[in-house]
Amino acid sequence: MTTDILAEITGMLVEIVGDEFLLAEEVTMKTRFNEDLALESIEFVALAELLHHRYGAEVDLMGFLAEKDMDAILAMSVGELVTHIGRVTHASLARAAATPTASAG
């Protein structure tokens, strides 16, 4: 699941910043948004929108960032976001599985 999420985020980043910027460096779990990718705030907003469309409102990138201080945001890795998405989507799937479905009586 982690590799699937990483691949999807990498695709989103390529869409946002353009593949010519990401060709020189492969995106990994250790890739940092600020230092390695030099993502600007408007690009974070674009990423948040793509994540919302792909994973739904529960994967709230801006809410996730709001829980961090500036140093943590600047040091954040792609892996931290992948882990966050995995946690949220796993919890969402667990809740859906636990919710009884209406019988077609």
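A crossing of two helices is called left-handed if the near helix is turned anticlockwise from the far one by less than a right angle, and right-handed if clockwise. Helices here are DSSP runs (H or I, at least four residues), numbered from the N terminus. The model is predicted, so local features need pLDDT of at least 70 and side-chain atom pairs count only at pLDDT 80 or more, while totals for chains, interfaces and linings use all residues. Residues are numbered from 1 along each chain as its sequence is written, and side-chain values use heavy atoms, without hydrogens and water.

Two packed helices are described by the angle between their axes and the distance between the axes. Axes are lines fitted to C-alpha atoms over the stretch in contact, with angles running from 0 to 180 degrees between N-to-C directions.

The crossing of H3 (residues 41-55) with H6 (residues 78-98) is right-handed. Their axes lie 13 Å apart at an angle of about 30°, which makes H3 roughly parallel to H6 (angles under 35 degrees count as roughly parallel, over 145 as roughly antiparallel, 65 to 115 as roughly perpendicular and the rest as oblique). In this contact (heavy atoms within 4.5 Å), Leu47, Leu51 and Tyr55 of H3 meet Leu81, Ile85 and Thr89 of H6. These residues comprise five nonpolar, one polar and no charged; Ala, Val, Leu, Ile, Met, Phe, Trp, Tyr, Cys and Pro count as nonpolar, Asp, Glu, Lys and Arg as charged, and the others, Gly among them, as polar.

H3 also packs against H1 (residues 2-17), at about 135° and with the axes 10 Å apart. H1 and H3 are therefore oblique to each other.

Technical notes. Helices (H or I, at least four residues) and strands (E, at least two) are DSSP runs, numbered from the N terminus.
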